[in-house]
Structure formats: C-alpha cells, structure tokens
Amino acid sequence: MRRPANLASRPFGNERLAALLLVTGLLALVAITAQQALLVRRLLPQRSAARHTEAAALEAEVAKLRSDGATLRGPGPDKATLARFMSLKEIVDRRSFAWTALLGRLEKTVPPSVRLVRVSPGWENGRLRLGLRVLAQTSDAGFALVQALEDQPDFDEVYPISKQVDPAGDAYLFELTMLYLPSAAPAEPQPATPDSAEDVG
Amino acid sequence: MSRLVRPALLLLAANVAIFLAFTLPQTLQERSLASRVATLQSEALRERGQVEALRRRARAIQANQSDAARFFGEIAKSRQATLLPALAEVHQAAAAEGLHLGQEQYSRSDIKETGLVRLRITLPLRGSYGQLVGFLRRLEGSKSLVVVDTLGLTSPESGGEASLAIGLSAYFLAPPEGSGV
C-alpha cells in the first residue's frame, strides 16, 4: 500500500500535547519561583533578627536568674536556728490561742442531753487535739454529739474512744478525741512564717 | 514555544541553586532557633519560679530573724521582770473572778534552743463555769508571757462548783551563764 503524497513545505505534526506540557511546566516553575521568593524574603536576616534578639534576651535572662539563684541559695539558717524559730513560733501560737472561743464553740455544739464533764486539750505538732469526756443521757445522744462536732468546720477527725455506762447507771460516759482547727487559730508552726510574734504582749 | 524552554531551564536551575545555597540552610537554622527559643522560654519560666521561691524563703528567714529579735528585745524579759509579776497577775485574775485556788505546783525547765526558761505552773481552781471562763478571758488579755498549756475542766454532776486543773507556763530569759541565778 502506498502512502499518500504530502505536498506541505513543513511536515505536519500534532504539537498540542507538547505545548500543553510545556505551559503547565512553565506555570509550575513560576509558582515555585514565587513561593521561594516569599520564603527567601521571610528568611532574610533582617526578618529573623527579632527571633535572634528574643533568644539573646532569654539567654541573658536565664543567666541572670541563675546568678540570682546562686546568690539566694547561700547558706540558710542552721538546724539550731530553725529549731529556735519553731519553738518561738509555737510559744507565740500558744499564747495567742483563744481558750474562751473554744469553750464558747463547745457550749453551742453540745446538746442539752449531753453534759460536758472534762475538756483536755493538748498540743500535737502545733495543732490542738481535744479530748472530751461527756455524759450523755442516751447512747444515741453521745453519737449525735460526735456527728454535731464533725459537722462543725472547727472540728475535724472526731472519734469516740470509749463508751461505758456511767457508774450511777442512768447515763453513758463517752470519751472523744478530735482536732480543733478554728480559722482564727494558729496553724501548725512553720519555721519560716513572718510576723509570728505579732500577737504577743 | 521552544524559545521558552531555555529560559525556563535557567530559572529552574537558579531556583535549585538558591534553595540549596540559602533557603534550605536558613530554614534549618530558623527551626533550630525556634527550638532554642522554646527551650529558653521554658528554662526561664523554671528559673523564675525557683528564684521566686528562694526570694520568698529569704524574706521569711529575714522576717523570722526580725521577729525573733523583737521577741527577745520587747516581749521576753528577765526572770526578775517576768516571774513574780506574772504569778501575781494569775492570782489577781483568780481572785477577781472569785475562784478558789488549790495547791499550786511549779517546775522549771530550760528550752535550750531558744535561750528561754519555762516555769510550768499547775493551778487547781474551783468555781462556777462563768468564773472559770472569766479567769481564762483575763489571762488571754494579759500582757505577760504566760501561756495556757492545758485545761482540765470537770463540771459538777448537778450545779455547784466546777473545778479546773489548768497548766500554765511562764517564759523568761535564761540568765547569762556564770551569773549563778
């Protein structure tokens, strides 16, 4: 079979696909170049200077803080001095403790069916632990007092220690223990609390 | 179209060259800088906290020293200036409330770490509940360095007088060594 004769001065070829690929490539190249130009602009030294300055300032601050810390870390008070502070604070706390306020709170909390026989307070690690001996008309009244004390914010860890029939035989004798933590009362002595001698004298 | 190929290739080559010579190293450097700044910020935060805690400790120590100095300078006094006036004040408070005093007991001990001497006083009292509370109120308002250590209240079975076993401590400065006091 013979090919048909081509009489054109230049041979015909379909260049549309090649042109499309070239244009696409050129557009992609332009986009990449623009993207890189933006990146280069952002990375220029004058643009990143702020971050360098921030880093330098932080380095200086950290160095100064470490130096201040080393100075402040110096030798603190020795054990004897701390013990002295503790003892003085406990004396001041004991001195400023309001016993009448404690008795007033107990008066308000103890119900009429219970009679207060003995209050034995004692300091325990800077906190006041109360021992109460009460005479309750009924066993329920004694346990109701435990609940009433526990419901008061000033008392905590209220436990009955013993319960026995009163020798007279008509009531129950309860022994209770609890922590007394009034908001105005001193907290556990801390050696490093300022103004600890404020309330004395 | 073919005329554009050569400049496009040149532009591509330039892009690659700039990326390798500048963009890539600068990007890596910037990431490293960002990471360094983040680390420094966290270190600064931690150091600020530590220094603040140390400053608080230093202030507390200074305040304690100042309090201790004030305690010994203004509050704690010598035995001569403290003991008998304090006892007199306790007795006057009991008498003013009409309380009956029982047999008193005294015991002395040194609180070595403080340079103070403590005189424990056991004071049995009898009277009405109101009188006992009044006595305690007077002690609370006292100017003396007298501390109520323990309080044993025994209320009567029915009416009558309650009894109070009260443990007091009076504090005064230990005498200088060798003074023989």
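**Where chain B touches chain A**

Guide: Between chain B and chain A there are 18 residue pairs in polar contact, both residues being at pLDDT 80 or more; such a contact is a pair of N or O atoms within 3.5 Å, where within protein one must be able to donate a hydrogen and the other to accept it, and where residues adjacent in sequence count only if both atoms are side-chain atoms. On the side of chain B that touches chain A, α1, α3 (129–140) and β4 (146–154) of chain B each supply at least two residues, and the largest share, 42 residues, comes from α1(B). Helices (H or I, at least four residues) and strands (E, at least two) are DSSP runs numbered from the N terminus.

This is a predicted model, in which local features need pLDDT of at least 70 and side-chain atom pairs count only at pLDDT 80 or more, while totals for chains, interfaces and linings use all residues. Residues are numbered from 1 along each chain as its sequence is written, chains are lettered from A and ligands numbered from 1 in the order in which they are written, and side-chain values use heavy atoms, with hydrogens and water left out.

Counting contacts as heavy atoms within 4.5 Å, 70 residues of chain B are in contact with 66 residues of chain A. Together the two chains bury about 6000 Å², of which 63% is on carbon and sulfur atoms; buried area is the accessible area (1.4 Å probe) that two parts lose on being put together, summed over both. Of the area that chain B buries against chain A, B:N64, B:E140 and B:L151 supply 9%, more than any other three residues.

Charged side chains also take part in this meeting. Side chains of opposite charge can pair when their charged atoms come close, and a salt bridge here is a side-chain nitrogen of Lys or Arg within 4 Å of a carboxyl oxygen of Asp or Glu. One is formed by A:R66 and B:E43, whose closest N and O atoms are 3.0 Å apart.

A network of salt bridges links A:E90, A:R94, B:R118 and B:D149. Within it, A:E90 pairs with A:R94, with 3.1 Å between the closest N and O atoms, and both residues lie in helix α3 (residues 79–95) of chain A, four residues apart, about one turn of the helix. Buried means under 20% relative accessible area, exposed over 50%, and partly exposed in between (1.4 Å probe, protein chains only). A:R94 counts as buried because its relative accessibility is 12%, whereas A:E90 is partly exposed because its relative accessible area is 25%.

For comparison, chain A holds salt bridges of its own. A:D154 and A:R105 form one, with the closest N and O atoms 2.4 Å apart, and this pair links distant parts of the chain, 49 residues apart: A:D154 in the loop between α5 (139–151) and β3 (155–165) of chain A, and A:R105 in helix α4 (residues 99–109) of chain A. With a relative accessible area of 13%, A:D154 is buried, while A:R105, at 25% relative accessibility, counts as partly exposed.
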